Amino acid sequence: MTGYRLHDDLSFCRIDGRTIFLDTRNDRYFRLSGNLERAFIEHIEGVTCSSDDISRLVESNILTDAPPLPNAAHNSIMIASRSALELPSIHAPCGAGSVTEVFANVFWAHLQLKVRRLKVILDDITDFRCRKATLERDCTESHLLNNALTFLKARKFVPIETCCLLDALSITAFLTRRHLYANIVFGVTSDPFSAHCWVQSGDIVLNDTIGNTRAYTVIRVI
C-alpha cells in the first residue's frame, strides 16, 4: 500500500487536528468524514492502513497510484517576514503605460476566472512562468519590489473590484513578463473557515501585509 499518494490536483493542511483540502480541478475546498479522515491521516503518517481504507480513499479520489505529474505543485515556501507594502518607500513609477498593462492583466484574469477551471488557469500561468522567469530568479530585490509596487499603484486605476485570487494571478503575470519569479500562495483558516491567497517571493509578501497572511495556514504553493 506504500505506492499510493495524494492526487496532483489536491493539496491539504492540518489545522487544530482537522484536515482541509483544496481541489483545484473542481474549484473547491473540503473536509473528509471522520473515518475517511482517520484513514488518510494514518496513511500520511506511515501507519499501515487496511486495504479497505486505501480502497475508500482511492474511490474518493483522494489517493492515486499514478506517477506524479512534472512540475507538480508543492506546499513549502519560506515563512514571510517582510511585505512590500510595509518596507521603506521605494521609487515605483506608474505612468499611463503601466496602467494600461495592469488593466490588461486584470481583465485577462477576470475573464479567465469566469470561463475556466482554476486548475487550467494555474497550469497555464505556471507554464508561462517556467518559460519566462526561471532563468531570472536571482534578480535584485529592489527590481522585484519596484515592479510589484508599480503594479499595485496602477491597480488602483483599474475599475474592476479587487479580489485576492484575481489580483494574485494578475500581478504574477505582470512580474513574469519582466522575467521576475514569484509564487502564488493559498492559505486557509479553520474556525471559521476562510480562504485567501497572495503573491510571495522568498520571504517577501508582494501584495499583502505580513499580519494578514500570517492569519492563514498555507495549503498550496504555485
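Which residue in S10 is the bridge partner of Val185? In this predicted model, the partner is Val221. Strand S7, residues 183–189, pairs with S10 in the antiparallel sense. Four bridges join the two strands. Strands of a sheet pair through backbone hydrogen bonds, either parallel or antiparallel.

S7 and S10 belong to an open sheet of five strands. The strand order is S6-S9-S8-S7-S10, and the pairing is mixed. Strand S6 (82–83) and strand S10 (217–221) form the edges. Each of these edge strands pairs on one side only.

Two helices were examined next. The axes of helix H3 (residues 96–115) and helix H5 (residues 141–155) come within 9 Å. They cross at roughly 80°. Angles of 65 to 115 degrees count as roughly perpendicular, so H3 is roughly perpendicular to H5. On the H3 side, the contact involves Ser98, Val99, Val102 and Val106. These residues meet Thr150, Phe151, Ala154 and Arg155 in H5. By class, the contact has five nonpolar, two polar and one charged residues.

The second largest pocket has a volume of about 210 Å³. It is lined by 14 residues. Closest to its centre are Asp27, Tyr29, Leu118, Leu165 and Phe186. Several elements share in the lining: strand S4 (28–30), helix H4 (118–132), helix H6 (164–176) and strand S8 (194–201) each supply at least two residues. S8 gives the most, with three residues. By class, the lining has 10 nonpolar, one polar and three charged residues.

Notes: Residues are numbered from 1 along each chain as its sequence is written. This is a predicted model: local features need pLDDT of at least 70, side-chain atom pairs count only at pLDDT 80 or more; totals for chains, interfaces and linings use all residues. Side-chain values use heavy atoms; hydrogens and water are left out. Axes are lines fitted to C-alpha atoms, for helices over the stretch in contact, and angles run from 0 to 180 degrees between N-to-C directions. Angles under 35 degrees count as roughly parallel, over 145 as roughly antiparallel, 65 to 115 as roughly perpendicular and the rest as oblique. Contact means heavy atoms within 4.5 Å. Ala, Val, Leu, Ile, Met, Phe, Trp, Tyr, Cys and Pro count as nonpolar, Asp, Glu, Lys and Arg as charged, and the others, Gly among them, as polar. Two strands pair if DSSP finds at least two bridges between them. On a 1 Å grid over the protein atoms alone, a cavity is a set of points where a 1.4 Å probe fits but cannot get out, and a pocket is an open set with protein on both sides within 12 Å along at least five of seven lines; lining residues have an atom within 4 Å of a point. Grid points are joined across faces, edges and corners, and a volume is the space filled by probe spheres set on the points.
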